[in-house]
Amino acid sequence: MAKSILVAEDERNLVEALSFLMSRAGYEVHVARDGPTTVEMAKRLSPDLVLLDIMLPGFDGFAVAEAIKRDAGAKRPRIVMLTAKGHEKDRRKAMELGVDDYVTKPFSNRDVVERVRALLPD
């Protein structure tokens, strides 16, 4: 059974690109376009990893990461933040919330796939 990834992103072009990349790499892909939907889908689907934008409608990626960490228990998914926020304070806040990796936009497609593979070994 393929490992699953929840893409939490509101930019349509980026959703399409990430979905294509992750599907091509062999992952089952689900998409959420706002904070509340991301939290609900993370609870319902228990994905192996969440690719999480910080700037989401509803509530931001920091609130999503905190909710996932609080609600998922032992089955907490790995979280990779993909964001335009490159400031050190944002990176530090993400790491304090237990995020596994932090990638700033624009990013290399190959780099994102490699980081996901590193967090979800076969």
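## Exercises on a predicted chain

In this predicted model, the mean positions of the 20 positive and 20 negative charges of the chain lie 2 Å apart.

**Exercise 1.** Find how many helices and strands the chain has, and state the pattern they follow along the sequence.

*Solution.* Step 1: count the elements; there are 5 helices and 5 strands. Step 2: read along the sequence; the pattern is β-α-β-α-β-α-β-α-β-α.

**Exercise 2.** Decide whether the radius of gyration of the chain agrees or disagrees with that of a compact globule.

*Solution.* Step 1: take the number of residues, 122. Step 2: a compact globule with 122 residues would have a radius of gyration near 14 Å. Step 3: the chain has 13 Å, so the value agrees with the globule rule. Step 5: for burial, 43% of the 122 residues count as buried, that is, they have under 20% relative accessible area.

**Exercise 3.** Locate Lys 105 and describe the polar contacts of its side chain with Glu 9 and Asp 53.

*Solution.* Step 1: Lys 105 sits in the loop between strand 5 (101-104) and helix 5 (109-119). Step 2: its side chain makes a polar contact of 3.0 Å with the side chain of Glu 9. Step 3: a polar contact of 3.5 Å links the side chains of Lys 105 and Asp 53. Step 4: leaving out residues up to four places away in sequence, Lys 105 touches several residues, including Glu 11, Leu 14 and Thr 83.

Key:
Residues are numbered from 1 along each chain as its sequence is written. This is a predicted model: local features need pLDDT of at least 70, side-chain atom pairs count only at pLDDT 80 or more; totals for chains, interfaces and linings use all residues. Side-chain values use heavy atoms; hydrogens and water are left out. Helices (H or I, at least four residues) and strands (E, at least two) are DSSP runs, numbered from the N terminus. A polar contact is a pair of N or O atoms within 3.5 Å; within protein, one must be able to donate a hydrogen and the other to accept it, and residues adjacent in sequence count only if both atoms are side-chain atoms. Contact means heavy atoms within 4.5 Å. The radius of gyration is taken over C-alpha atoms; the globule rule is 2.2 Å times the number of residues to the power 0.38. Buried means under 20% relative accessible area, exposed over 50%, partly exposed in between (1.4 Å probe, protein chains only). Lys and Arg count as positive and Asp and Glu as negative; His and the chain ends are not counted. The place of a charge is taken as NZ of Lys, CZ of Arg, CG of Asp or CD of Glu.
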